[in-house]
Amino acid sequence: MMKKLVFAVAALLASSGFAFAQVDVNKADAAALDSVKGVGPSMSKSILDERAKGEFKDWADFRQRVKGVGDKKALKLSEAGLVVNGKPMEGAAAGPAGAKAEKTSARAPGKDKPAEQKAM
């Protein structure tokens, strides 16, 4: 029983390590690209085809050359671990989750208090 528990914890830790690994579009093969959430076989083929013409210089170059990748998609891919020349897309850390946190902290005083506390 203990061996199974230790194995399950080890497997969980190992799989979570892969989920957060960065994948560079200029170095990755098709399997590594496919491992990024949001990249499927079709997009990985497009990335590899464009990379064969020359490495991607930056995120702007990547978005321009890979069909179907705009600002929103690029941001999601960057948040999922895709990098260009080892760099995540600018603003990826402040993506949808970060933007939500910023909105809540920017509330006017008293707006985040429950109704019963406002009445006091």
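Predicted model: local features only at pLDDT ≥ 70, side-chain atom pairs only at ≥ 80, totals over all residues.
## Salt bridges in helix α3

Five salt bridges are counted in the model. One of them joins D49 to K45, with the closest N and O atoms 2.9 Å apart. Both residues belong to helix α3 and are four residues apart, about one turn of the helix. D49 is partly exposed, at 39% relative accessible area, and K45 is exposed at 51%.

A salt bridge also links E50 and K53, where the closest N and O atoms are 3.0 Å apart. This pair likewise lies in α3, with a spacing of three residues, about one turn of the helix. E50 is buried, having a relative accessibility of 17%, whereas K53 is exposed at 64%.

Through salt bridges that share partners, E50, K53, D61 and R65 are joined into one network.

## R51, a buried arginine without a salt bridge

R51 is located in helix α3, which spans residues 41-53. Although R51 is buried, it has no salt bridge; E55, the nearest side chain of opposite charge, is 6.5 Å away. A salt bridge requires a separation within 4 Å.

The side chain of R51 instead reaches the backbone oxygen of A28, at 2.8 Å. Leaving aside residues up to four places away in sequence, R51 touches V25, N26, K27, A28, F56 and R65.

In helix α5 (residues 71-79), the buried residues are A74, L77 and S78. They lie on the same side of α5 because they cover an arc of only 100 degrees around the axis. These buried residues pack against α3, α4 (59-65) and β2 (82-83). The face turned away from the buried side carries the exposed residues K72 and K76.

G81 follows α5 and has a positive phi, near 115 degrees. N85 also has a positive phi, of about 55 degrees, although it is not a glycine. N85 is found in the loop between β2 and α6 (96-105). With a relative accessibility of 37%, N85 counts as partly exposed.

Methods:
Residues numbered from 1 in each chain as written. Heavy atoms only, no water. Helix = DSSP H or I, 4+ residues; strand = E, 2+ residues; numbered from the N terminus. Buried < 20%, exposed > 50% of the residue type's maximum accessible area, 1.4 Å probe, protein only. Lys, Arg positive; Asp, Glu negative; His and termini not counted. Polar contact = N/O pair within 3.5 Å; in protein donor to acceptor, adjacent residues only side chain to side chain. Contact = heavy atoms within 4.5 Å. Arc of directions from axis to C-beta.
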